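Here is my note on the model, as numbered points. Please read it with the structure open.

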Amino acid sequence: GTCAGYGTMRSGGKTTTVRFNATPVKAVAKMPRTAGDFLWGPNKVTEIELSQTVPPHTDRKTVKAKGDIEDILAAFVEDDDAKATCSYTEPHYGLTFHAGSKDVGSGGTSCRSATLTLGSEPMTKFAVTAATLKRFF
């Protein structure tokens, strides 16, 4: 049990008094959330809506298979220097991430770069493996 940050730990038949320091835990709780907090954390993505925005503008897919969701999420790598390097005629994608019935984020890709908005947090740019998204269309 614990009381005012103190408690006991039992290991190998020996009881030791321990003290829990909440300061570092509170500091981490105040840090800005990362993409992983939204996509792999407690709001784990259970569905991704994909739309191919160039060309054509009407292709849409809903991805629900766990392995496919993992492949799509793995295609995004945080990269502040990610730049779109292609022509407008190459496929661009829109994505909406769902955790159950809750929207946890959305974003768009332009060739090999992506910008994602997750929750209310401003997010950094991502490099994206477009071939992973292309296989769904």
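1. Start with E47, which is buried because its relative accessibility is 18%; buried means under 20% relative accessible area, exposed over 50%, and partly exposed in between (1.4 Å probe, protein chains only). K64, with a relative accessible area of 57%, is exposed. The two side chains form a salt bridge, 3.7 Å from N to O; the term stands for a side-chain nitrogen of Lys or Arg within 4 Å of a carboxyl oxygen of Asp or Glu. E47 belongs to strand β4 and K64 to the loop between β5 and α3, so the pair ties together parts that are 17 residues apart in sequence.

2. On the basis of these values: this is a predicted model, in which local features need pLDDT of at least 70 and side-chain atom pairs count only at pLDDT 80 or more, while totals for chains, interfaces and linings use all residues. Residues are numbered from 1 along each chain as its sequence is written, and side-chain values use heavy atoms, with hydrogens and water left out. Helices (H or I, at least four residues) and strands (E, at least two) are DSSP runs numbered from the N terminus.

3. How many salt bridges does a search of the whole structure find? The search finds three. Besides the E47 and K64 pair, D68 bridges to R135, with the closest N and O atoms 2.8 Å apart. That pair links distant parts of the chain, D68 being in helix α3 and R135 in the segment after α4, 67 residues apart. R135 also bridges to D71, here with 3.2 Å between the closest N and O atoms. D71 is again in helix α3, 64 residues from R135. D68 is partly exposed at 25% relative accessibility, as are D71 at 35% and R135 at 46%. Side chains of opposite charge can pair when their charged atoms come close.

4. The sheet is open and has seven strands, in the order β5-β4-β7-β8-β9-β10-β6, with antiparallel pairing; two strands pair if DSSP finds at least two bridges between them. β5 (60-63) and β6 (76-78) are the edge strands, each pairing on one side only. Neighbouring strands are turned by 25 degrees against each other on average, direction ignored. Axes here are lines fitted to C-alpha atoms, for helices over the stretch in contact, and angles run from 0 to 180 degrees between N-to-C directions.

5. Contact means heavy atoms within 4.5 Å. Which residues of α3 are buried? They are I69, I72 and L73. These residues cover an arc of only 95 degrees around the axis, which puts them on the same side of α3; the arc is that of the directions from the helix axis to the C-beta atoms. Their cover includes α2, β4, β5, β6, β7 and α4. In α4 (residues 130-134) lies T132, buried at 16% relative accessibility and touching D71, I72 and A75, residues up to four places away in sequence not being counted.

6. The largest nonpolar core has 24 residues, of which I48, I72, F76 and F97 touch the most other members. Such a core is a set of buried Ala, Val, Leu, Ile, Met, Phe, Trp, Tyr and Cys residues joined through side-chain atoms within 4.5 Å. β7 gives the most to this core, with four residues. Not counting residues up to four places away in sequence, F76 touches L95, T109, A114, L116, F126, A127 and V128.

7. T109 is in strand β8 (residues 102-110) and is buried at 6% relative accessibility. Leaving aside neighbours within four places in sequence, its contacts include F76, H92, L95 and L133.
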